[in-house]
Amino acid sequence: MAEQTIVVLGGGVGGVVAASELKSRLKERARIVLVERNLQQSFPPSYLWVMTGERKPQAITRDISRLERKGIEVVAGELRSIDLSQKTVDVDGREIAYDALIVALGAELAPDAVPGLADAHSYYHLAGAERLRDVLATFESGRVALVVAGLPFKCPAAPYEGAMLLESYFHKRHVRHNVELALYTPEPAPMAVAGPDAGEAIQGMLAHKGIAYHPGRQLTAAEDGRLSFENGSPAPFDLLVAVPPHRAPQVVQDAGLTDDSGWIPVDQHTLETEHESVFAIGDVTRITLPDGKPFPKAGVFAHGEAQVVARNIAARIMGLAKRERYEGTGYCFLETGGGSAGLAQGDFFAHPRQITMRTPSPIWHWGKVAFERYWLWRWY
Ligand SMILES: Cc1cc2nc3c(=O)[nH]c(=O)nc-3n(C[C@H](O)[C@H](O)[C@H](O)COP(=O)(O)OP(=O)(O)OC[C@H]3O[C@@H](n4cnc5c(N)ncnc54)[C@H](O)[C@@H]3O)c2cc1C
């Protein structure tokens, strides 16, 4: 009989890695419980390819009840509350007690936070990517606006990949000359966290492809075919594609885990929260880098954090002294269209940050394809 129960909240990127790593290290020594409302998990980097029709949703979706084969207890349902003092969570009325808790609940999309935005298209979720694919198939001409509606948002590269993949898509359909493409964002430059070189490189790519770029624009409304901003003149559109504002799930706010930023503050090396035996990983967390910028929200980081937290919890249970530190290294592919991609990689905790941007080439595109296949094979 296992003496300890470790509960992992959220079966997305971070949660699946954490639960698998814990089980493979602890085996019968601990009960690993994974709580998730949506058992059909899909791979978000591929949503862009769903949008362009290059992937079918079922090809990038896996049922996480398969993790039960590894001995993980998968609890399907809505997490209703977290009681930090009693060390319990409530899943649809079922109370589960924990000895250690890993919060991996991600970031929620909040299109309702901006008037009119709920009607926009978005490839930031699977159903949205499918809907946009169908609309794009009959779009012949007009103004396509991509808008990043708020900061922070997950995957700093994804709005730029979206713009460049759409550009390439319209070329393939021989309607590019009839389509105007523009990207609006509150960021000062593309992928500002990756430094000025990456920003300049991406801005150059957008200019080369004829995609108008409007940084420093904070959206206030998307109504009557027009984007309105706090700063700058309004912009008309025929088709609107949005990265909606993000927020932490209400349940973590209600539990008192978040701070003024709206996210869960954690120790950047151990992912510990202020609460004993409670860890948080991935998009739901806040880590502030030495220059005041937020550590980006991305799957590669959720993955690395999950491994460190799981290994340290396992080491403690097994009575081992060794502990790992999370060091904030990672990489991110940047699809640029026409079967090419760039790659940004480096050390995000270093001060100054050390990020290299690799020139777009088919190699990095195939790197992303290989990574997708590996991910879907490795973790399910
Ligand atoms: C279009 C797109 C492209 C991307 N491309 C990349 C990329 O190329 N590289 C990269 O590194 N990252 C990429 N990302 C970002 C990456 O997907 C996220 O950063 C990553 O999924 C975060 O992992 P997570 O575990 O923190 O959260 P998630 O993967 O979002 O998982 C959170 C889980 O918690 C569940 N949940 C939430 N609330 C509850 C509740 N109350 N009860 C039960 N379950 C709940 C959710 O259903 C969800 O499954 C991309 C994202 C998008 C949208």
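H1 and H7 cross in the right-handed sense. This is a predicted model. Helix H1 covers residues 13–26, and helix H7 covers residues 299–317. Their axes lie 8 Å apart and meet at an angle of about 30°. Angles under 35 degrees count as roughly parallel, so H1 and H7 are roughly parallel to each other.

Which residues of H1 and H7 make the contact? From H1 come Val13, Gly14, Val17, Ala18, Glu21, Leu22, Arg25 and Leu26. H7 supplies Gly299, Ala302, His303, Ala306, Gln307, Ala310, Arg311, Ile313, Ala314 and Ile317. Sorted by class, the contact has 11 nonpolar, 4 polar and 3 charged residues.

Strands of a sheet pair through backbone hydrogen bonds, either parallel or antiparallel. Here 3 strands form an open sheet, and the pairing is antiparallel. The order is S6-S7-S8. Strand S6 (79–83) and strand S8 (94–97) stand at the edges. Each has a single partner strand, so one side of each is left without a neighbour in the sheet. On average, neighbouring strands of this sheet are turned by 20° against each other, direction ignored.

Look at how S7 meets S8. Strand S7 spans residues 88–91. S7 and S8 pair in the antiparallel sense over 4 bridges. Which residue in S8 is the bridge partner of Asp90? That partner is Glu95.

Methods:
Residues numbered from 1 in each chain as written. Predicted model: local features only at pLDDT ≥ 70, side-chain atom pairs only at ≥ 80, totals over all residues. Heavy atoms only, no water. Pairing = 2+ DSSP bridges. Helix = DSSP H or I, 4+ residues; strand = E, 2+ residues; numbered from the N terminus. Axes fitted to C-alpha atoms, helices over the stretch in contact; angles between N-to-C directions. Parallel < 35°, antiparallel > 145°, perpendicular 65-115°, else oblique. Left-handed = near helix turned anticlockwise from the far one by under 90°. Contact = heavy atoms within 4.5 Å. Nonpolar A, V, L, I, M, F, W, Y, C, P; charged D, E, K, R; others polar.
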